[in-house]
Amino acid sequence: MPPKIQISSHLLGFTIACIPCFYYGYYLNKNHKSDEEFEEILREKYADNIQRSRNGRGDMINFFEGVKNPGSNPDVERRLQEVLRGGKDDSKRLYAVDDKL
């Protein structure tokens, strides 16, 4: 009679837990789309998001150039001053306020 094979419970549990992962990896390896097909799908479904992102990136570059070179762009300077004032048009004195007013 051949000897009995003994498998520890940890090894058996790990093997059973890994089987679905290996099958999923094999499935993805065989059935994935090429990069060109995936890029075409993205362009079809999300063309407006891509264009919006490109426009936003240009605005962001202009903003950061204005931050790097102060005084070069008055619009950026105005936006920075609004941010520094917390979105208020003018700064208000919060101390020594006359209650009669």
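**Leu 11 and the rest of the chain**

Tutor: This is a predicted model.

Student: Which helix is Leu 11 found in?

Tutor: Leu 11 sits in helix α1, which spans residues 9–31.

Student: And which residues make the nonpolar surface patch?

Tutor: Leu 11 makes the patch together with Ile 5, Ile 7, Leu 12 and Ile 16. The patch has an area of about 550 Å².

Student: What about the accessible surface of the protein chain, how much is there?

Tutor: The total is about 10,100 Å², and carbon and sulfur atoms account for 57% of that.

Student: How many of the residues are buried, as a percentage?

Tutor: Buried residues are 3% of the 101 in the protein chain.

Student: Changing topic. How many helices and strands are there?

Tutor: The protein chain has four helices and zero strands. The order from the N terminus is α-α-α-α.

Student: At what angle do the axes of α2 and α3 cross?

Tutor: Roughly 85°, with the axes of α2 (residues 35–45) and α3 (residues 47–68) coming within 4 Å. Therefore α2 is roughly perpendicular to α3, as that class takes angles from 65 to 115 degrees.

Student: Which residues make the contact?

Tutor: On the α2 side, Leu 42, Arg 43, Glu 44 and Lys 45. On the α3 side, Ala 47, Asp 48 and Ile 50.

Note on methods:
Residues are numbered from 1 along each chain as its sequence is written. This is a predicted model: local features need pLDDT of at least 70, side-chain atom pairs count only at pLDDT 80 or more; totals for chains, interfaces and linings use all residues. Side-chain values use heavy atoms; hydrogens and water are left out. Helices (H or I, at least four residues) and strands (E, at least two) are DSSP runs, numbered from the N terminus. Buried means under 20% relative accessible area, exposed over 50%, partly exposed in between (1.4 Å probe, protein chains only). Accessible areas come from the Shrake-Rupley method with a 1.4 Å probe; for residues, only the protein chains shown count as cover. Patches are made of residues with over 30% relative accessible area and no salt bridge: like charges are joined within 9 Å, nonpolar side chains (Val, Leu, Ile, Met, Phe, Trp, Tyr) within 5 Å. A salt bridge is a side-chain nitrogen of Lys or Arg within 4 Å of a carboxyl oxygen of Asp or Glu. Axes are lines fitted to C-alpha atoms, for helices over the stretch in contact, and angles run from 0 to 180 degrees between N-to-C directions. Angles under 35 degrees count as roughly parallel, over 145 as roughly antiparallel, 65 to 115 as roughly perpendicular and the rest as oblique. Contact means heavy atoms within 4.5 Å.
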